[in-house]
Amino acid sequence: GSRKMETEAPVLAALAALIVAFIFLVLPHLRKQSSSQDDRRRQLPPGSLGLPVVGQTVGLLRALRANTAEAWLRRWASEYGPISKLSLFGLPTALLVGPAANKFLFASTALTAKTTTSFNSMVGRRNIRELAGDDHRRVRAMMLQFLKLDSVRSYVASMDDEVRHHIRAHWDGRATVAVMPSMKSLTFDIMCTVIFGLGRAEHAAVRRELSAEFQQLVRGIWAIPVNLPVTSFGKCFAASRRGRRTVAAVIDEKRAKLESGRSSPSDDLMTHMLAEGLADVEIIDNVMFMMVAAHDTTATLLTFLLRHLDGNRDAYGRVVAEQQEVARSKAPGEALSWDDLGKMKYTWSAAMETLRLVPPVFSLLKRAVEDVEFDGHLIPKGWQVLGAMNMTQWDPAIFAEPSRFEPARFESPVPPYSFVAFGGGATVCPGNEFARVEALVAMHYIVTGFKWKLADGCDGSFSRYPLPSPAQGLLIDIEPMDTAATGAAGITK
């Protein structure tokens with residue numbers, strides 16, 4: 001027995017030493033670890049991730065369709081504050097609200113742009129929103145080449161030509177116009193001509209094809225990514241493939257022209273990207289991205305600007321007076337100039353007020369590339385970050401009577417990061433000047449050429465899914481202005 005005890009003694013001693021070591025060394029560490037996990041849990045934003053996978057996605061999408069998303073987000077934010085957690089598209093998401101949140105969203109290097117799976121499927125993964133570092137800087141520099149102020153100044157005459165042509169073809173001689181489809185077609189044509197060098201005469205068929213595919217693929221940007229012929233995503237994805245093939249054929253044509261010396265890199269963005277050695281797939285992705293980003297947003301602005309002016313006759317009268325004054329200074333048929341646009345200050349204030357009330361892009365989606373803190377709460381690496389910018393634009397503490405259309409608000413500066421329709425900080429949208437010129441030229445010819453009012457039975461209601469779109473495309477009754485009475489230059493054939 002004693003021998004047995006002798007052999008067991010070292011084992012027991014070793015076991016005792018292990019227990020002592022565990023009590024003094026490991027246990028505090030484990031306690032610390034679990035308490036640091038508790039701290040981490042405590043630091044997470046308030047809110048709820050809802051049911052697994054589904055989270056709050058269905059609720060928010062339903063609200064977007066019914067145009068009650070503002071109220072949905074406002075309820076959520078009033079319950080949980082400027083930062084809260086929820087689950088969207090299967091991922092934990094931090095919802096940020098307020099001017100400080102807007103500033104953080106645009107300035108923080110811990111956040112990177114994020115697009116939905118559906119968006120990347122429609123547009124392609126090498127688009128500027130998805131690129132990072134040097135790749136992003138390189139592509140942004142190429143785009144800026146064609147969107148910078150000097151370039152945009154030189155586009156006024158060709159935009160003027162496209163607007164007049166569109167109005168002759170789609171407005172003249174009609175009693176009723178559906179504004180949204182008309183403006184989508186117009187902004188698409190302007191972009192084809194000015195940015196991509198697809199002229200009206202020689203590329204008529206290509207422009208028609210691309211326009212049809214784009215109307216379809218844009219509907220798939222927020223669709224649930226199930227690729228079957230019967231699903232919304234499947235139909236839009238097929239349109240995207242067809243659109244990409246059309247763009248690829250244009251690139252081949254541009255390459256042949258460039259190589260044979262019949263074109264130069266400064267002619268259009270596609271030729272410039274080719275000359276800079278960008279791969280075809282990157283050119284296609286960025287052309288797709290720009291078409292989606294540029295043509296729908298400006299079309300939305302113009303459509304809702306007409307709708308709001310119809311509802312506010314005082315503002316309508318001021319816009320008409322301002323545009324007629326510009327028209328009176330022009331010879332018949334003379335194109336607008338850069339200086340003319342500088343005289344359209346009230347019209348642009350009305351456009352800004354429209355963007356405040358109906359931002360074309362409802363929210364900003366980003367992803368945390370590292371742990372980051374906002375307002376005392378942790379946003380863990382890998383989480384989505386959703387900024388609902390229009391929450392500040394509808395905040396009565398920032399904009400008195402926020403639901404009222406009042407262009408005069410923009411005649412003096414608004415508080416920083418409270419109006420972010422064009423982004424903020426260093427990440428201001430590079431196309432904002434292009435959009436301004438496009439909108440002002442279009443408004444000039446609509447306002448000096450026609451009187452309009454909402455058609456009978458058109459109630460002006462709209463959905464926000466995937467972008468703001470009015471019922472019936474916003475039907476308006478139009479009648480030609482008496483140009484003799486106004487002295488307007490009008491649209492000469």
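## A pair one turn apart

Glu 353 and Arg 356 sit 3 residues apart in helix H15 (residues 345-357), so about one helical turn separates them. Helices here are DSSP runs of H or I with at least four residues, while strands are runs of E with at least two, and both are numbered from the N terminus. The side chains of Glu 353 and Arg 356 join in a salt bridge, 2.7 Å from N to O. That term means a side-chain nitrogen of Lys or Arg within 4 Å of a carboxyl oxygen of Asp or Glu. Both Glu 353 and Arg 356 are buried; buried is under 20% relative accessible area, exposed is over 50%, and partly exposed is in between (1.4 Å probe, protein chains only).

This is a predicted model, where local features need pLDDT of at least 70, side-chain atom pairs count only at pLDDT 80 or more, and totals for chains, interfaces and linings use all residues. Residues are numbered from 1 along each chain as its sequence is written, and side-chain values use heavy atoms, leaving out hydrogens and water.

## Other salt bridges

There are 21 salt bridges in the structure. One of them pairs Asp 310 with Arg 313 at 2.9 Å, N to O. Asp 310 is buried at 16% relative accessible area, whereas Arg 313 is partly exposed at 45%.

## The nonpolar core

The largest nonpolar core has 100 residues, and Trp 171, Phe 196 and Ile 476 have the most contacts inside it. Such a core is a set of buried Ala, Val, Leu, Ile, Met, Phe, Trp, Tyr and Cys residues joined through side-chain atoms within 4.5 Å.
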